[in-house]
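Please open the model in your viewer and keep the selection tool at hand. The tour goes from one stop to the next, and each stop says what to select and what is there.

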Amino acid sequence: MADIDVTLASWKLVEVGRLVLIRRGPYAGKLAAVVEIVDHRRVLVDGPSGEEQKIVPRHVLPLAHATLTHFVIPQLPRAAGTGPVKKLWAKNEIDGKWAKSGFAQKTDRAERRKNLTDFERFKVLRLRKQARYEVQKSYAKVKAAAAKS
Amino acid sequence: MSDGQTKQFGKGQRLVPAQKAQKWYPVDDESQPKKVRKSIRPAKVRETLQPGTILILLAGRFRGKRVVLLKHLDQGVLLVTGPFKINGVPLRRVNARYVIATSKRIDIAGVDAKTLEKVSTPDYFTKEKKAEKKSEEAFFKQGEKPEKKKVASARAADQKAVDQSILSSVKKEEFLSSYLATTFSLRNGDKPHEMKW
């Protein structure tokens with residue numbers, strides 16, 4: 001029999017300490033940590049972020065309104081108050097980790113693009129064109145060199 | 001109302017009025033014309049329409065063009081210029097309603113104030129009457145090319161005088177000249193009510 005490597009699937013579980021992204025309601029787009037599981041549909045979340053406009057107050061959130069993220073605050077005690085959650089949040093550098101994640105970067109970029117003025121949109125158009133031209137030029141050079149040899 | 005004379009009728013006396021009362025009265029009261037309670041107020045233009053703002057024209061022959069706002073004329077009319085050399089839009093009056101104001105502004109402090117004053121007089125843009133009227137004969141004549149419309153040289157000079165300083169300030173910023181030269185149009189998925197200008 002051949003050796004078979006069995007690796008554990010890394011499920012994102014609904015667990016205490018799991019960070020969820022809120023997708024609906026007044027806190028849509030913000031990050032919060034699961035503090036307590038109410039039932040199979042709802043969790044108690046708390047998001048004491050370091051940034052003022054990203055704070056999510058402690059409330060019960062339907063899981064249908066949330067997306068699980070890869071991040072977990074390890075060893076968060078069950079039903080911890082906002083104070084301890086905030087401390088562990090800062091200790092685990094959740095804000096920084098989230099800002100570096102692909103999802104956050106993508107949404108940030110989309111937000112920035114959305115708020116461009118007409119002239120800025122035009123500049124983006126032109127600069128993208130210039131960049132594309134350079135790429136295609138160098139690609140053609142490489143291609144021509146490859147064909148010769 | 002005691003005009004008239006008293007007359008004797010048998011034993012009694014009665015006052016006979018000099019003017020008899022009318023037998024007929026109009027059924028309706030005479031209608032009074034309504035008082036006009038409106039007044040002509042100076043048009044209030046949007047705050048975004050400051051002189052020097054770059055506008056997108058939405059209607060008319062030059063729709064889609066990006067132009068420079070020079071001045072407010074009365075009753076919500078705006079005086080704009082292309083500049084003519086960049087996008088072919090001459091000094092022109094446009095309705096403030098049919099315009100999108102972008103957040104881009106350029107400095108128009110250097111514009112010749114005298115010509116601007118002249119251009120903004122009410123009858124600057126009125127058409128001159130033709131000296132000779134087109135005859136019927138000329139209308140039916142075939143083959144001959146119609147005379148090309150000539151731009152008055154005074155107009156062209158005014159255009160140049162106004163555009164001169166604008167052109168120099170446009171040149172200072174990269175992409176601004178080509179921005180003014182391109183027309184605006186909506187692309188797939190563009191939602192103008194959600195876009196920022």
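Predicted model: local features only at pLDDT ≥ 70, side-chain atom pairs only at ≥ 80, totals over all residues.

Residues are numbered from 1 along each chain as its sequence is written, chains are lettered from A and ligands numbered from 1 in the order in which they are written, and side-chain values use heavy atoms, with hydrogens and water left out.

**Chain B.** The chain has five helices and seven strands, where helices (H or I, at least four residues) and strands (E, at least two) are DSSP runs numbered from the N terminus. For the model, the scores are ipTM 0.72 and pTM 0.74.

**The largest nonpolar core.** Next select B:Leu70, B:Leu79, B:Ile106, B:Val111, B:Ile166, B:Val170 and B:Leu176, which have the most contacts inside the largest nonpolar core, a group of 23 residues. Such a core is a set of buried Ala, Val, Leu, Ile, Met, Phe, Trp, Tyr and Cys residues joined through side-chain atoms within 4.5 Å, and buried means under 20% relative accessible area (1.4 Å probe, protein chains only). Two or more residues come from each of helix H4 (118–148) of chain A and, in chain B, strand E4 (66–72) and helices H2 (113–119), H4 (153–172) and H5 (176–181).

Now centre on B:Ile166: leaving aside neighbours within four places in sequence, B:Ile166 is in contact (heavy atoms within 4.5 Å) with B:Val68, B:Leu70, B:Thr81, B:Pro83, B:Ile106, B:Ile108 and B:Val111. A second, separate core of 14 residues includes A:Leu21, A:Ala33, A:Val35 and A:Leu76.

**The second largest pocket.** Finally select A:Arg121, A:Leu125, B:Arg187, B:Asp190 and B:Met195, the closest to the centre of the second largest pocket among its 23 lining residues. A pocket is an open set of points on a 1 Å grid over the protein atoms alone, where a 1.4 Å probe fits, with protein on both sides within 12 Å along at least five of seven lines, and lining residues have an atom within 4 Å of a point. H4 of chain A gives the most to this lining, nine residues.

Notes. Buried < 20%, exposed > 50% of the residue type's maximum accessible area, 1.4 Å probe, protein only.
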